[in-house]
Amino acid sequence: MASQLPPDVVAALQQLLQGLASADNSIRSSAEQSLNDDWLATRSEMLLSGLAEQVSAGGDANSRSFSAVLFRRLASKTQTKKDEPQELYIACSPTVKSYIRSTLLQGFAQETDNTARKKIGDAVAEVARQLADADEPWPELLGALFQASKSPNASHREGAFRIFTTTPGIIEKQHGELVKEVFLQGFNDPDQKVRIAAMEAFSAFFRSIKKSQQKLYYGLLTSIMNILGSLRAQQDSEGLSQALMALIDLAEISPVMFKPVFNDVVKFSIEIVQDKDLSDQTRQNALEFLATFADTAPNTCRKDPNYTHDMVTQCLSLMTDIGMDDEDASEWNETDDLDVDESDLNHVAGEQCMDRLANRLGGSAVLAPTFQWLPRMMTSSQWRDRHAALMAISAISEGCRDMMEGELDKILDLVVPALSDPHPRVRWAGCNALGQMSTDFAGTMQEKYHQVVLSSIIPVLECPEPRVQSHAAAALVNFCEEAEKEILEPYLDELLKRLLDLLTRDSKRYVQEQALSTIATIADSAEQAFGRYYDHLMPLLFRVLNQPQDTQIKENRLLCAKAMECATLIALAVGRERLGPDAVSLVQALGRIQQSVTDPDDPQGSYLLHCWGRMCRVMGNDFLPYLPAVMPPLLELASAKADVQLLDDEEQLANIEQEDGWELLPVRGKYIGIKTSTLDDKYMAIELLVIYAQQLEAAFEPYVLTVLKDIAIPGLRFFFNDAVRVASAKLIPQLLNSMKKAHGPQSPALAEVWQATVIKILEDLAQEPAVDTLAEMYQCFYESVEVVGQNCLSQETMAAFINAAENSLQEYQARHEHRLAEAQKPEEEREDSDEMLYAIEDDQTLLADMNKAFHTIFKNQSVSFLPQWERLIPFYVKFINSADSTQRHWALCIIDDVLEFCGPEAWKYQAHFTGPLVQGLADKTPANRQAAAYGIGVAAKNGGPAFAEFVAHTIRQLFEATQMPKARHEDHVYATENACASIAKILHFNNSKVQDVQTIVNHWIGTLPVVNDDEAAPYAYGFLAELIEQKNPAVLSAAPQVFDYVVQAVDAETIQGQTAERVIASAKNLVAMTGLNIQQLATQMPAERLQTIRRHFA
């Protein structure tokens, strides 16, 4: 093919290619400079056209391969033209693009070298991707690929499918039967590489089409599975591994496709996992293939007769594949690197799979097959079996929590003996199991089994192996951070003695670091009880902190960081008074360390930020002199921009993949790299600013404007990281509070800052894409309004809020309707049930926070909010009549707020309110009965005469609400107590239309006590005191019960302060009036109430 370029250009390009491929560094560097400064900068179209020609008709196969690789890399480079970034190929003129396309296709069709053809195929795929993204056609490509898929040359056929894999969208719109025929030919191709390439292409194609189209291709599964059978027969590990990866994709996309042959799939894949002649990667891929069904089709897995039993068996078998060349664990114990990546090892694959099975299938499926093996494994003479059994308990305890919690005695009988096992790795695994169980069964483990756990782990701190010592200390962290100080206190002497021993003896550094972390956790949990160890520990920590920083070796930095953490947590535990002058010494030591931190990788830097935050909490305003030194690095971190890179080629991608702290997102054939470590630091810094603003209040005011402008407000739109947006939302109310405390609630300074801030908050309410984060934005709004106070919202601001609320409610309704439609589908076609439950939970939280926002506005704006709120009445009407209890609750809470804060003005909406309130009293959902009862109570209290007849007519239904089944059970008692209080409110505040008040009072006494709801109790007991003061016959005739109801409320502390004093005085008068024998009544009461009687009625 004759070149379209001038001969001198062709010659110059060939010289460039020779230079780029040169082994001589100077020649190559010169060529790279020419490529960037000349070709890319001034004649990029000639460059790509020339490379396409070299790909098609260059010298030898190596040259053509090199030209294809270079073309692909350069074609995807981004350049800015006319202020718009575009990739190099798509930015070319139509004529040049067309020429390149035809030249590449010609090169692909006529290439005879297999390697070169693959590289040319990759170049074709890159061009196809850019055209598809730009919605530009390439009609010749599909025909050329179909033709290549039928070529007599196997390499051609494979190349066609490789291009399909990269750009599946080009075949999406084609006729289904034609596509099926092409894939079927590929699956039955005589060449193995073609069959695997066809599988990979089909997987990519299947992912690209709509769910409704996928059923057309279910019939191809038999041919796909035949490919695996052939590979298995040939013991082709590499090919089998590739094929399984394609199957994993299909199982993720459409598990229902496998349903008719699922049992055969299970048996075949289990055989692969069992086959030790295959490579570990292949066996792990087979396990991953089956585990994917647990994620995507848990019900199918539960119903299969073999799946769970065989999966558990093979996971446990893989978990015994550990330490094969280190029988006595000497090599394992000597290593100082505890962060070795073992994710590609069989035992880790088995553990991770057990965790997934338990979490996805639950204890009812997983426990029986697991515990069929565990007792035998725990008594095995092989240490690897015992180790695997213990790690299995660690892996499944979270997912099987509900069923295992009742069997903890038996499980601990299996685990605890392992802590004295002769093999160190088994003791390590025993510590691991107890640590994991302490987290997964938090509360139960600490309250019921503290003696078993602590008396077993504490002695392990003295064992001879450093790794076991360290892991025992780590397990104690899990236990202690969930333990109450009363539980820990009896064990503190033994714990601290052993941990101090680890610190002071010649232990490995990582053991000392862990000992410090454990001591810090114990201090945090034990609080004041830790004070008696202060004099032993603090000098030791100061010794570490005061060592000369310039001579400190790099390896000791983490130890020093842990010492800082430990010292400041102890300071927080014992308090400012016990700390005494050491507080100043400690912050001075932190300051010296901060000045020495120059290396960005120095762990002391991030630890310091948290330590400063703790010292601020300990010292309060005494911390202010140190703030100028603390704030600059904190503000720098909190102000950090996202480190985002567009990765154009494989070399960049490979470099980033080698670094920790990056997340890679595929976008249009490239990757965007986001440095997550920077985002984590930013989030942490903003969280610390929240602490400073909370603790220092007015004293933090000098920083408020800078933090608002540069950190908090921009942070609300930091879409790279949800946690940063949430932390920024929590920061804003604290900053406003600092301004309020410094300048006063009516100050112009606060008003000016608030007006600018509320506009930004409302803008972000309208734009936030994540439902859980949107709830936090509503919280930011209502907490801010609460800080700024009465009448802080203009009509324009309230209108903007309603705009955002309308948008949120419309999107919520769309999600709700989608879930209803999803629920109507056959079970196997539904979306992941767990994800749906999480989505429902997020929406419930959102509606709750929206309600709190309405509540806060009504509280601070009263009737001025009504004109704007009326725009939401259509949503209210739909929600109050919904079959969904969450929506009804949302609407009932709105009614309550209007009635509570708008008083008689609420009567104009009575047509919308009265019926739902009465119906709500009989709602099956307790929270809705509670909201309805509360609403009637506030209508009686605040609604005035207009509501008198309505509230009088609700008394019968309120009594019925107190007599519902399970009325006093935990979930229902708040509804019951609110109904009791609302009857009291009607009788006290608004009884003009009530018939036969005395009869109602007689019955009302029986709806007491109110011992849970401290908002309802003051109204109920205030009315009761009034009845006693009036010597009402209802209380005089039931004096023993009334006295008991009062004692219960005082004991439960639901009435306090002046209300409690008045009620207690009334109860004493009742005793005097009726001659009650308190001592006799006390004998009939539970023992815990006797102290209350002695204290208040002796």
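Q: What is the relative accessibility of Glu527?
A: In this predicted model, Glu527 counts as partly exposed. That class lies between the cut-offs of 20% and 50%. The value for Glu527 is 36%.

Q: Which residue meets the side chain of Glu527 in a salt bridge?
A: The bridge spans 3.3 Å from N to O. Glu527 sits in the loop between helix H29 (509-526) and helix H30 (534-545), and its partner in helix H27 (residues 485-488), so the pair ties together parts 42 residues apart in sequence.

Q: How many salt bridges does the structure hold?
A: Glu87, Glu126, Arg129 and Asp133 are linked in a network of salt bridges. The total for the structure is 46.

Q: Asp295 and Arg356 meet in a salt bridge; how many residues apart in sequence are the parts that this pair ties together?
A: The N to O distance between the two side chains is 2.6 Å. Asp295 belongs to helix H15 (residues 280-296) and Arg356 to helix H19 (residues 346-361), so the bridge ties together parts whose separation in sequence, in residues, is 61.

Q: What is the relative accessible area of Arg356?
A: Its salt-bridge partner is Asp295. Asp295 counts as partly exposed at 24% relative accessibility. Arg356 is also partly exposed, and its relative accessible area is 22%.

Q: Are Arg1089 and Asp1044 buried or exposed?
A: Arg1089 and Asp1044 form a salt bridge, with their closest N and O atoms 3.3 Å apart. The pair links distant parts of the chain, 45 residues apart: Arg1089 is in the loop between helix H56 (1078-1083) and helix H57 (1090-1097), and Asp1044 is in helix H54 (residues 1039-1052). Both residues are buried.

Q: Which side chain of opposite charge is nearest to Asp849?
A: Asp849 lies in helix H42 (residues 833-861). Not counting residues up to four places away in sequence, Asp849 touches Ala775, Tyr778, Gln779 and Tyr782. Asp849 is buried yet has no salt bridge. At 4.1 Å, against a salt-bridge cut-off of 4 Å, the nearest side chain of opposite charge is Lys852.

Q: How far from Arg614 is the nearest side chain of opposite charge?
A: Arg614 is part of helix H33 (residues 604-619). Leaving out residues up to four places away in sequence, Arg614 touches Glu565, Thr568, Leu569 and Leu572. Arg614 is buried and has no salt bridge. The nearest side chain of opposite charge is that of Glu565, at a distance of 4.3 Å.

Q: How many disulfides does the structure hold?
A: A disulfide needs two cysteine sulfur atoms within 2.5 Å. For Cys560, the nearest cysteine sulfur, that of Cys611, is 9.3 Å away. Cys560 counts as buried, at 0% relative accessibility. The number of disulfides in the structure is zero.

Q: Which phenylalanines does Trp1004 contact, leaving aside its neighbours within four places in sequence?
A: The contacts of Trp1004 include Cys980, Ile983, Ala984 and Ala1020. Leu1024 and Leu1027 are also among them.

Q: What distance separates the centres of domain 1 and domain 3?
A: The domain assignment gives domain 1 (217-322 + 343-378), domain 2 (871-1007) and domain 3 (1011-1097). Taken over C-alpha atoms, the centres of domain 1 and domain 3 are separated by 65 Å.

Q: What percentage of the residues of the protein chain count as buried?
A: The protein chain contains 57 helices and five strands. Its C-alpha trace spans about 115 × 75 × 65 Å along the principal axes. Of its 1098 residues, the share that counts as buried is 55%.

Conventions:
Residues are numbered from 1 along each chain as its sequence is written. This is a predicted model: local features need pLDDT of at least 70, side-chain atom pairs count only at pLDDT 80 or more; totals for chains, interfaces and linings use all residues. Side-chain values use heavy atoms; hydrogens and water are left out. Contact means heavy atoms within 4.5 Å. Helices (H or I, at least four residues) and strands (E, at least two) are DSSP runs, numbered from the N terminus. Buried means under 20% relative accessible area, exposed over 50%, partly exposed in between (1.4 Å probe, protein chains only). Lys and Arg count as positive and Asp and Glu as negative; His and the chain ends are not counted. Domain bounds come from an automatic or database domain assignment.
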